[in-house]
Amino acid sequence: MKSQLRFKLVAFACGAVFAGGAAAATITIINNDGAGEGFNDPTLVAPLPSNPEITLGAQRLSVVRAVANEWGALLRSSVEIKIRVAFNPLTCNGTSAVLGSAGALSAHANFANAPFPNTLYSAALANSLAGTDLRPTGMDNEDINSQYNSSYDSGTCITGVAGWYYSTSRTDATPANRTALFPVVFHEFAHGLGFQTFTSTTTGAFTGGVPDIWTRHLMDATSSQRWIQMT
C-alpha cells in the first residue's frame with residue numbers, strides 16, 4: 001500500500017490485536033539501508049525539540065522507532081513483530097509524490113484461533129491470534145516491509161515543500177514547508193499490520209482462492225454487499 005501526499009493520516013484500528021489494557025506488543029525495526037544512505041545517511045542536521053539526533057539517518061531512524069513504540073503500546077501480541085524499513089527514491093514531481101509504502105511479507109490461514117476459516121491474515125495479526133510465529137521455515141525473519149521516499153528531502157518533489165520533518169512528538173509543530181514523517185510511517189505500518197487486501201484489484205481473484213480478513217469487511221455502498229458476496 002502507498003501513501004500519497006493527500007492521504008497522510010490513518011484510521012486507528014487493527015481489529016483483534018488491540019491492546020485494550022493488556023500486555024503490549026514488541027515491535028523491532030530492521031534497518032535495510034546500506035552504508036551512507038537512507039537511515040544511515042551521515043549528513044549533519046540541526047537537532048529538533050523532540051529529536052536530538054544530529055545526522056539525517058539517525059533522525060529518520062528515531063522517528064520510525066518512536067512509531068514502533070506507539071504501535072507497540074496499542075497492540076497485543078506475544079510474538080515479536082519485525083518491520084523492515086528503508087529510505088528509497090520513490091515517485092515524485094512538482095504536484096504529487098509517493099510518500100511511502102508498506103505491506104505484510106506473508107499471510108496465513110486456518111491456523112489455531114483463527115476467527116474465520118479459509119481466510120488470510122497478515123503475518124503480524126495471524127501470529128498474534130495464534131500465539132506463535134507462523135512464518136515459513138527459511139523465510140526472511142520479518143513480518144512487514146516498508147519504505148519511504150528519500151527523494152522527498154531534495155526539495156523538488158512538491159512545489160513549496162522543502163522535505164520531511166523528523167519530529168517524534170505531536171507537540172513539536174511541523175513547519176509549513178515540511179511534511180511530518182511520523183504520521184506517514186504510522187499509516188504505513190497499519191497496512192503491514194492488517195489494513196490491506198491480498199485480493200487482485202484487477203481481476204477480483206482471491207490469493208490461493210480464499211479471501212483475506214480485510215476483504216471480509218469490505219462493503220460496496222451501491223449494492224450493500226460485502227466483497228466476498230460479489231462476483
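**View 1. Antiparallel pairing of β4 with β7 in the predicted model.** Strand β4, which covers residues 98-104, runs antiparallel to β7, and the two are joined over 5 bridges. Within this view Gly 100 stands opposite Tyr 148 of β7.

**View 2. Parallel pairing of β3 with β7.** Here β7 (144-149) is shown with β3 (81-88), the two strands pairing in the parallel sense over 6 bridges. Ala 86 has Gln 147 in β7 as its bridge partner.

**View 3. The largest nonpolar core and Phe 189.** This core holds 39 residues, and Trp 71, Ile 81 and Phe 189 are those with the most contacts inside it. At least two of its residues come from each of β2 (27-31), α1 (56-74), β3 (81-88), β7 (144-149), β8 (163-165) and α3 (181-193). Leaving aside residues up to four places away in sequence, Phe 189 touches Ile 29, Val 64, Val 67, Ala 68, Trp 71, Ile 83, Val 85, Ile 144, Ser 146 and Tyr 148.

**View 4. A second, separate core.** This core consists of 7 residues, among them Tyr 121, Leu 125, Ala 126 and Leu 129.

**View 5. The buried helix α2 and the residue just after it.** Just after α2, Gly 131 adopts a positive phi of about 75°.

Methods: Residues are numbered from 1 along each chain as its sequence is written. This is a predicted model: local features need pLDDT of at least 70, side-chain atom pairs count only at pLDDT 80 or more; totals for chains, interfaces and linings use all residues. Side-chain values use heavy atoms; hydrogens and water are left out. A nonpolar core is a set of buried Ala, Val, Leu, Ile, Met, Phe, Trp, Tyr and Cys residues joined through side-chain atoms within 4.5 Å. Buried means under 20% relative accessible area, exposed over 50%, partly exposed in between (1.4 Å probe, protein chains only). Helices (H or I, at least four residues) and strands (E, at least two) are DSSP runs, numbered from the N terminus. Contact means heavy atoms within 4.5 Å. Two strands pair if DSSP finds at least two bridges between them.
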